[in-house]
Amino acid sequence: MTVTLEDVALITGLAIDGRPLCMSTDSDGWREQMIALIGMAPTEAEADVEEGEEKKKRERKVVGAAFTWIQNNFVTCPPDATDDVIQTHARVYMWYIVSRTLFPDSTGKNAPWMWLKALTVFDSKWSWGSATLAYLYRQLDDACCRITDSAGIGGNLLLLSVWSWERLPVGCPKSVRFDPWYADEHDELRRPTWAYKWDIVSEMTNDVNLMYQKYIAELDTITPEQVEWQPYGAGESLGYTEEFRLNPMCLRDKDLWLMRCPLICNWAVEFHLPHRVYRQFGLFQPHPPDWVDTDKALHRLDRRRQRKIKDWEKHHASYVTRF
């Protein structure tokens, strides 16, 4: 089992069709470029000092802004704002959401410059859905292999959580409730995604270490019969819920859910191999599935180990073409 493009589309509503999110991450002159985009940039002192901590000498400077800096400077859009000011606040808001929700690292403190750079043009046609899945795959891989300095995990954990809650009888909240959706019925794009089913969940109050051991034990004993293989329905009922009407953005790229392709998020290239989990799509699962070389060398690529690589679109040209 694994998270697939189907889960990304239905839970997040992100676009799958589009250009692979693969660009130059060269940070030379990033402050000047940030000022040109949003009117200001954190000073070197603001970037180096984290809130509540003493100044430390760090091997690598922060290329971006702390979330606290963004909140302090862009929390409210002026009521008499011009169109330019409104667009600036919209861009910063998107940068904040992209950095904190789609591509968060294990620290959860900073919004990297490269995600703001990706928003230079609003209608850039990036495949945000495939990039989100590539980034999550890489974060899961790093956490399992312990190849990072941090013991934490990044990536879109909301996506991972809802995927798990829908399919597995382990670690699922005991009670679920959501309020009626009162958005404008005439605007389909304001409807919720599948994640709205889990809008309000019961909080876990038990000991975390004890529950972790219990979850591991339960996961080891799960049988195929206990798994909900198609939680979103099938056929004509795909994406249908009795409680609310799904956002049409969730289903617009369903013809791409079964594609075998490299998923690209700058330095991270991971393969989408739905033929290994055909049962999640209601299809017959051959055993063993076709073998695909996912190239271990790709997993050794990251921003810290290959700092000299700046133009990832050029470096991953063959994978970009395949995508």
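Mentor: Start with the contacts between residues at least 6 apart in sequence: 72% of them join residues at least 24 apart. Contact means heavy atoms within 4.5 Å.

Trainee: What kind of model is it, and what are the ground rules?

Mentor: This is a predicted model, where local features need pLDDT of at least 70, side-chain atom pairs count only at pLDDT 80 or more, and totals for chains, interfaces and linings use all residues. Residues are numbered from 1 along each chain as its sequence is written, and side-chain values use heavy atoms, with hydrogens and water left out.

Trainee: How many helices and strands are in the protein?

Mentor: The protein has 12 helices and 6 strands. These are DSSP runs, numbered from the N terminus: helices are H or I with at least four residues, strands are E with at least two.

Trainee: And what share of the residues counts as buried?

Mentor: 41% of the 323 residues. Buried means under 20% relative accessible area, exposed means over 50%, and partly exposed is in between, using a 1.4 Å probe and protein chains only.

Trainee: Helix packing next. How do H4 and H5 cross?

Mentor: Two packed helices are described by the angle between their axes and the distance between the axes. For H4 (residues 67-74) and H5 (residues 83-102), the axes come within 11 Å and cross at roughly 155°. That makes H4 roughly antiparallel to H5. Axes are lines fitted to C-alpha atoms, for helices over the stretch in contact, and angles run from 0 to 180 degrees between N-to-C directions. Under 35 degrees counts as roughly parallel, over 145 as roughly antiparallel, 65 to 115 as roughly perpendicular, and the rest as oblique.

Trainee: Which residues make the contact?

Mentor: H4 brings Phe 67, Ile 70, Gln 71 and Phe 74. H5 brings Thr 88, His 89, Val 92, Trp 95, Tyr 96, Ser 99 and Arg 100. They divide into 6 nonpolar, 4 polar and 1 charged. Here Ala, Val, Leu, Ile, Met, Phe, Trp, Tyr, Cys and Pro count as nonpolar, Asp, Glu, Lys and Arg as charged, and the others, Gly among them, as polar.

Trainee: Now the strands. How do S5 and S6 run?

Mentor: S5 (residues 261-265) and S6 run antiparallel, joined by 5 bridges. Strands pair if DSSP finds at least two bridges between them. Cys 261 stands opposite His 272, and Pro 262 opposite Phe 271.

Trainee: Is S6 covered or open?

Mentor: Mostly covered: 5 of the 5 residues in S6 (residues 268-272) are buried. S5 is mostly covered too, with 5 of its 5 residues buried. In S6, Ala 268, Glu 270 and His 272 point one way, Val 269 and Phe 271 the other way, and all are buried. In a regular strand the side chains alternate between the two faces of the sheet.

Trainee: What about the turn?

Mentor: S5 and S6 form a hairpin with 2 residues between them. Asn 266 in that turn has a positive phi of about 55°. At 0% relative accessibility, Asn 266 counts as buried.

Trainee: Last one. Which residues does the cis peptide bond join?

Mentor: His 287 and Pro 288, with omega about -5°. Pro 288 lies in the loop between S6 and helix H10 (296-299).
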